[in-house]
Structure formats: C-alpha cells, structure tokens
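Morning, everyone. I have one chain to walk through today. Please bring it up on the screen.

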Amino acid sequence: MTIAIVVLMLIGYVLICCEHVTRVNKATVAMFCGVCGWVMFICVGPEYINSLHNVEFLEFLEGSAFSIAAVNEYIYRNLFTKHMVELCSIVMYLLATMSIVTVLSDNDCFRFITDWCRSKRTLQTLWCLAFFSFILSANLDNLTSAVVMLTILNQIVVNTRQRMLLGAVIVIATNCGGCFTVIGDVTSLLIWTRGAVTPTNYSGALVLPAVVATIVPTYLIGRMLPDHLDLKRTGVMFRGDDSSLAAWQRYLMLFLGIGGLWFVPTFYRLTMLPPFLGALCVLGVLWVANEIFNRKAILADQPVTVSSWGSLQYEITQTIMFFVGVSLCVCLLIEVGVMNEVASWCDRYIHNIYIMSLFLGFVSSVMDNVALVMSSVSIYPVYEDVQGLSGYVSSFVQNGQYWHLVALSGCVGGCLLPFGNTAAYALMKSEDISVMWYIRNVTLKVLAGWLLSLGVYFLVDYFLR
C-alpha cells in the first residue's frame, strides 16, 4: 500500500506542476490526493500501526482488546488530529491576514502606493513597485501582496509589454520579501511554528540575501524598459459622499493592520499561544477602527467599500485550499515512513546542505514551491543544539542553516519559471504571459539574483559563525 500511496502522491505532484497545461486547478488536485491518500491509509491501518506505532498504540489500548475500531480511533486521535491542529493554526492565520487586507483595501488604504508609483519616469515607478512589493510581502503573504500590487500596476501602466516586465519585478520582490520574515510566506510561517527558527535570527540571516535577490533582477529588468512609461490617464476619482475617510484615518488603519502584524511574533513569544490568535487580535482592533471611521455610512446604510477585491479573496482562498491539500499529502508521507527514507537517502548520497539548497531551488521552479518546501521541512526534525554535533547535523538545529536555505531557495528559486509560485502564475493569467516569454526575459535575471543571494548568505554566515 505504501507504493500505491507514493504513486498517488507523485501523480498529484506532476499534475500540480502541469497546471498551466492541464488547466486543472492545483488546489483540486492537492485536496483529492490528500483525502484519497488518508482513506488508503485507513484501509490498511493495522499494518502501519503494528510496524511504525506499535508501542504508542499498546499504551493507547491500555489493556483493551484489539479491534479495527480501536485502530481507526487511534489514527484519528493520535495521528490525524495532531497534524490538523498545526494545519488549522496556519489556515486561521491566513484567513485573518486576508480579512485584514480586505478591510484595508475597502477603505482605500493602499492609495498612497498608487500615488508614489504613478510617474512617467521609469526608474521611479520601477523601484517604487519593487520597494512596496518587498515591504508588503514581509508583513502579508506574498500572494496577497502580489495581487494588490498587480492591481495597482494595472491602474497605472497602459502598455502591455511594460506591464509584463514590471509585473515580473512585483513577483520577484514579493517572493523575496516574503521569505525573510516568519509571517511573510506560508513556508516561513510553517518553519517558525514548528520551532525550527526564531523570528529575530531568521530575519537577520535572510534580510540581506533577500534584498540582493530583489535588487539584481530588478536592475536587469529595468534596463529593458524605456526611459518613460506609457501611463493611463488619471480621471476624477469618485469618492462617494462626505463619509469618505480622511488621509490620517487611512494611514492609521494601515498602521493598525500591517504594523500590528509585526507584533504577532512578540505575542507568540510572550504567551506561547498560536500566532493566529495575535492576527485575530489585530483584525479585531482594525474592525473597531473601521466601525468608528465609517460610522456615518454604516448608520445611513451606505456601502463602505470603494473598490472590488473579489479576485484577491478568490486567489487567496484557492491558495489556502491548496495548502490544506498539500499538508494532508505531506503529513501522510510522514506517517507511512517515506520522509524518513528520503532523509536517509539525502544523508547517504548528498550530505551537503548547499548542494541540497541548489537542487531545491531548481526543482521549486518546476514544482510549486509551497509543496516542495513543505516536503523539505518535513524530512528532518529539529535537533537539540548540543555540543559535539557534526557540521552537517548542526545545520538542522534551531536557527540552523538548513531552514534558512530551504526558505531562501524555495521562494527565490520558485521565480525561475512562471509556474513555480502562485504569484507568478497569477501574473501569467492576468497578462497572458507565455512560458517562453518568461524564460527569455526573466529567468536568467532571477538566476543571477538567486546565486548572488546564496553567496551573500554564505559570506554573512561564515563571518558571523
């Protein structure tokens, strides 16, 4: 049955990689494979329990008679539920951040980004888009930031080719910005909640490589753009009635929303409660401010929203469901012992985290980086930081090099091809970009930035250690 489960997972991964060809939503594939895999696991539950969890199962029985019902109950309580608690915590965090972005966008809190980026001078628009994409994705997940910035770009630039190149810059900047904070990407959030890194050490180790991985391709892409951009004409914006928010109110809500998320790691460190509770606290404060500032419109039964962000919510919902499906698959592979076999193979034949990081980056350009990074994180446990560990094994302690390189190579390497990450795939759909166009105009530039960022990381790590 293990072979059948592995084959099912491999077929699912292939279909996920080929979403741009099959046009079958990868969230659907991931959910189907995850559910079917667990059903297959339940069908031969006694076999896996006796071989992998025999001692724990006997303690669970406490002298009771062996039965299929007892096996199924053990799998549900001690295996499935354990993984689902961790999974649901991350899903709740993503839902909270999506709600925060929805409230901010409904109150036009991102208007200042449009004002800063609107310039006929290419350099100003280029670097403003890269800067705001980088900063937003450090606080929100990179897909949310990418969709917000791509929407702003579409409101500014009218020329299709210019919009395609600038959109590629947004994708790169959001992925790089999301990888250097523990709340900026699903994968880094997963690494943090598993105790593999601490927020301060993680950001300190990756901030400089992430900046390099952003600046290099942005500069190279900027050389392909003309000195002046073709901008859309600015019309008179209809602001509704006198209940529209003042500038200071929008900035305050932006500070409460995005600034409040910076408090989440501190909240976790002080209380040891799941990070999603801190995000829900920020959302509650933001909702209170929204009710106060829009009190007149609410009492008059007037709509508060100023823009439509339905596509944003749809894309993020799909990403959350994809994350759930992939998590089900990865957790299943852990329980059937496949991940231990993969770890043993890597220790025996590779035994070098630098080579592993290069391999991970190139594979993540083909396979979705979320699925790949989740699989890579699940291969090894977090070892205790004790004296006497070898250089290779010490990479898997808390704040070890392996966890940093997994995040950096997974996020940046995923930009090598347009279907390696969700943000790039959103750009493909919005601008009708072909894979060959992306390879010709973007891939080598991303590769240069990624390799330089790895070099910067190795140098910084060498001198700090």
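The chain runs to 465 residues, and 55% of them count as buried. Now the contacts. Take those between residues at least 6 apart in sequence. Of these, 79% join residues at least 24 apart.

Next, helix α4, residues 45–52. Which of its residues are buried? Gly45, Tyr48 and Ile49 are. They span an arc of only 100° around the axis, so they sit on the same side of α4. And what covers them? The cover includes α1 (2–17) and α3 (26–43). It also includes α5 (54–61) and α6 (68–106).

Now a helix pair. Please find α10, residues 160–179, and α22, residues 422–431. Their axes come within 9 Å. They cross at roughly 165°. The cut-off for roughly antiparallel is over 145 degrees, so α10 is roughly antiparallel to α22. The crossing of α10 past α22 is right-handed.

Which residues make that contact? On the α10 side we have Thr160, Arg163, Met164, Gly167, Ala168, Val171, Thr174 and Asn175. On the α22 side they meet Ala423, Ala424, Leu427 and Glu431. By type, the residues of this contact divide into 6 nonpolar, 4 polar and 2 charged.

On to helix α8, residues 122–139. I picked two residues here. Is Asn139 buried or exposed? Its relative accessibility is 3%, so Asn139 counts as buried. Set aside its neighbours within four places in sequence, and Asn139 is in contact with Ile183, Ile258, Leu261 and Trp262. Gln124 has a relative accessibility of 26%, and therefore counts as partly exposed. Leaving out residues up to four places away in sequence, Gln124 touches Trp116 and Ser119.

Two loop residues remain. Pro274 is in the loop between α14 (264–271) and α15 (275–293). Its relative accessible area is 26%, which means Pro274 is partly exposed. How far is Pro274 from Met92, in sequence and in space? They are 182 residues apart in sequence. In space they are 9.7 Å apart, C-alpha to C-alpha. As for direct contacts, Pro274 touches Ser89 and Phe267, again not counting residues up to four places away in sequence.

The other loop residue is Asn399, between α20 (369–379) and α21 (401–413). Here, look at the backbone. Most residues other than glycine have a negative phi. Asn399 is not a glycine, yet its phi is positive, at about 65°. Is Asn399 buried or exposed? Relative accessibility is 15%, under the 20% cut-off, so Asn399 counts as buried.

To recap, briefly. Asn399 pairs a positive phi with a buried position. And remember, the model is predicted. That's my tour.

Key
Residues are numbered from 1 along each chain as its sequence is written. This is a predicted model: local features need pLDDT of at least 70, side-chain atom pairs count only at pLDDT 80 or more; totals for chains, interfaces and linings use all residues. Side-chain values use heavy atoms; hydrogens and water are left out. Helices (H or I, at least four residues) and strands (E, at least two) are DSSP runs, numbered from the N terminus. Buried means under 20% relative accessible area, exposed over 50%, partly exposed in between (1.4 Å probe, protein chains only). Contact means heavy atoms within 4.5 Å. The arc is that of the directions from the helix axis to the C-beta atoms. Axes are lines fitted to C-alpha atoms, for helices over the stretch in contact, and angles run from 0 to 180 degrees between N-to-C directions. Angles under 35 degrees count as roughly parallel, over 145 as roughly antiparallel, 65 to 115 as roughly perpendicular and the rest as oblique. A crossing is left-handed if the near helix is turned anticlockwise from the far one by less than a right angle, and right-handed if clockwise. Ala, Val, Leu, Ile, Met, Phe, Trp, Tyr, Cys and Pro count as nonpolar, Asp, Glu, Lys and Arg as charged, and the others, Gly among them, as polar.
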